[in-house]
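Please have the sequence and the coordinates open while reading.

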Amino acid sequence: MEDKIGRLIILIMCCSILKGAVSQVYSVGDESGWSSEVDYGSWSEKYNFTVGDVLGTHYIFVEFTYNKGQHNVFEVTESTYRTCDASSGVLAKYESGDDKVELTESKKYWFICNVSGHCLGGMRFGVDVKAGNTSSTNLDPTPSTNSGNAFDTWSLGLRIFAFQFLLRLFC
């Protein structure tokens, strides 16, 4: 009997660990992706970006989808964002066409497309990531309608598989 109780306690602890890590993926520009035809200022204001919550680790990603070679993504300083001059102030460069950028800190992030004329044409935006919730309630950000559904499904499937594996292992 003690052996079964010990196994049950380990199973509950493992399930708690699996539930603690949460991630949210925002698809930049929603269905339109990263292109010159989107108002990114309005897009970024639609969502509440928050990192770190009391109930577990909360990861936030912004995903840029575009045709490789036609666009790119530079994470830049605010002054570089304002001038669209990437000769300085570049913090990171992404050029794969399917770039997922993790927003790990509570701060303002600035992104531009550095292809000639694109930044000045509107391919730039800032994301204000706020500190996590300090109360016992969990206020997750509102996801994009196209944000990470496959990832969420995969994550749920992984949790179910892990739960079944642990259940068979310990019971």
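## Disulfide

A disulfide is taken here as a pair of cysteine sulfur atoms within 2.5 Å. In general terms, a disulfide is a covalent bond between the sulfur atoms of two cysteines. The model is a predicted one, in which local features need pLDDT of at least 70 and side-chain atom pairs count only at pLDDT 80 or more, while totals for chains, interfaces and linings use all residues. Residues are numbered from 1 along each chain as its sequence is written, and side-chain values use heavy atoms, with hydrogens and water left out.

The search of the whole structure gives 1 disulfide, which joins Cys 84 to Cys 119 with an S to S distance of 2.0 Å. The link of Cys 84 and Cys 119 is left-handed, with -65 degrees about the S-S bond. This pair links distant parts of the chain, 35 residues apart, with Cys 84 in the loop between α3 (78-83) and β5 (90-94) and Cys 119 in the loop between β7 (108-112) and β8 (124-128); helices (H or I, at least four residues) and strands (E, at least two) are DSSP runs, numbered from the N terminus.

## Burial of the cysteines

Buried means under 20% relative accessible area, exposed over 50%, and partly exposed in between, with a 1.4 Å probe and protein chains only. Cys 84 counts as buried at 15%, and Cys 119 is buried at 4%.

Cys 113 is buried at 0%, and its sulfur is 8.1 Å from the closest cysteine sulfur, in Cys 119, which is too far for a bond.

## Phe 64

Phe 64 lies in strand β3 (residues 58-65) and is buried, with a relative accessible area of 0%. Its contacts (heavy atoms within 4.5 Å), leaving aside neighbours within four places in sequence, include Val 28, Trp 34, Phe 111 and Phe 125.
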